[in-house]
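I opened a structure that was new to me and kept notes as I went. The entries follow the order in which I looked things up.

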Amino acid sequence: GGVVSSHSHECSLTAIRLAAEAGYDMVELDVQKSRDGVPMVFHDQSLTKACGRNGGVADFRTAELEAIPYLTGDDSIIRLETAMKSCRRLGLGVMLDLKAGRDSREFLELIDRLLVEHELSDSTITISGDETTRRFLKHVRFTPTDEEMRQLRTGEMLDLRHRFWFGLPKRLQ
């Protein structure tokens with residue numbers, strides 16, 4: 001869901017489609033929580049730069065967010081479910097970057113149900129390593145522990161045999 005082209009916004013349906021067309025295996029989806037508790041896909045903390053609106057995702061209800069277009073292109077803000085449907089259809093795996101809701105069991109369980117519903121359990125990872133995330137995102141392939149993230153940041157050796165790692169390849173021994 002990142003910047004594949006200057007003609008698409010991060011976490012937009014166009015970016016997801018372009019990633020598939022470019023041969024990517026996986027896209028990163030930045031997940032935030034709408035005011036009514038729905039997982040939405042949007043990169044920035046504020047809507048200002050990408051959409052020209054004041055406030056953040058948490059300040060708006062889902063229907064309001066879906067009606068907000070990006071300043072350029074034909075995309076608008078999308079639900080995580082919409083992004084997952086597109087990823088599944090295009091054969092893309094998903095890396096979830098949980099920017100909000102990591103401490104909410106209900107929110108995490110909703111995301112987990114969406115993973116199962118859209119048959120992405122075997123092709124989803126996350127870099128959110130806190131204990132609550134690990135406990136309630138049961139259908140995610142790899143979630144590093146806080147200790148593993150600490151080790152990575154300090155340059156310590158990590159034994160990652162038999163595990164998929166989405167990280168910083170230059171830092172892996």
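**Elements and model**

I read the elements of the protein chain from the N terminus on as α-β-β-α-α-β-α-β-α-β-α-α. That gives seven helices and five strands; helices (H or I, at least four residues) and strands (E, at least two) are DSSP runs, numbered from the N terminus. I noted that this is a predicted model, in which local features need pLDDT of at least 70 and side-chain atom pairs count only at pLDDT 80 or more, while totals for chains, interfaces and linings use all residues. Residues are numbered from 1 along each chain as its sequence is written, and side-chain values use heavy atoms, with hydrogens and water left out.

**Whole chain**

I looked up burial and found that 43% of the 173 residues in the protein chain are buried. Buried means under 20% relative accessible area, exposed over 50%, and partly exposed in between (1.4 Å probe, protein chains only). I then turned to contacts (heavy atoms within 4.5 Å). Among those in the protein chain with a separation of 6 or more, 53% join residues 24 or more positions apart.

**Sheet**

In what order do the five strands lie in the sheet? I read β3-β2-β1-β4-β5, in an open sheet with mixed pairing. The edge strands, each pairing on one side only, are β3 (78-79) and β5 (124-126). Two strands count as paired if DSSP finds at least two bridges between them. I reminded myself that strands of a sheet pair through backbone hydrogen bonds, either parallel or antiparallel.

I went through some pairs in turn. β1 and β4 (residues 93-98) are parallel, with six bridges. β1 and β2 are antiparallel, with three bridges. β2 (residues 39-41) and β3 are also joined in the antiparallel sense, by two bridges.

I followed single residues across the sheet. Valine 31 has leucine 98 as its bridge partner in β4 and valine 41 as its partner in β2. Valine 41 in turn is partnered by isoleucine 78 in β3. Between β1 and β2 I found a hairpin with five residues between the strands. Glycine 37 in that turn has a positive phi of about 85°.

**Helix α1**

I listed the buried residues of α1 (residues 13-21) as Thr14, Ala15, Ile16, Leu18 and Ala19. Their cover includes β1 (26-33) and α4 (80-90). Just after α1, glycine 23 has a positive phi of about 90°.

I checked two residues here. Cysteine 11, in the segment before α1, has a phi near 65°. Is cysteine 11 buried or exposed? Cysteine 11 counts as buried because its relative accessible area is 1%.

Glutamate 119 lies in the loop between α5 (105-117) and β5, and its phi is near 55°. Glutamate 119 counts as exposed because its relative accessible area is 52%.

**Largest pocket**

A pocket here is an open set of points on a 1 Å grid over the protein atoms alone, with protein on both sides within 12 Å along at least five of seven lines, and lining residues have an atom within 4 Å of a point. Of the 12 lining residues, His9, Glu10, Asp44, Lys49 and Ala50 are the closest to the centre of the pocket. I noted the lining as four nonpolar, five polar and three charged residues.

Note on methods. On a 1 Å grid over the protein atoms alone, a cavity is a set of points where a 1.4 Å probe fits but cannot get out, and a pocket is an open set with protein on both sides within 12 Å along at least five of seven lines; lining residues have an atom within 4 Å of a point. Ala, Val, Leu, Ile, Met, Phe, Trp, Tyr, Cys and Pro count as nonpolar, Asp, Glu, Lys and Arg as charged, and the others, Gly among them, as polar.
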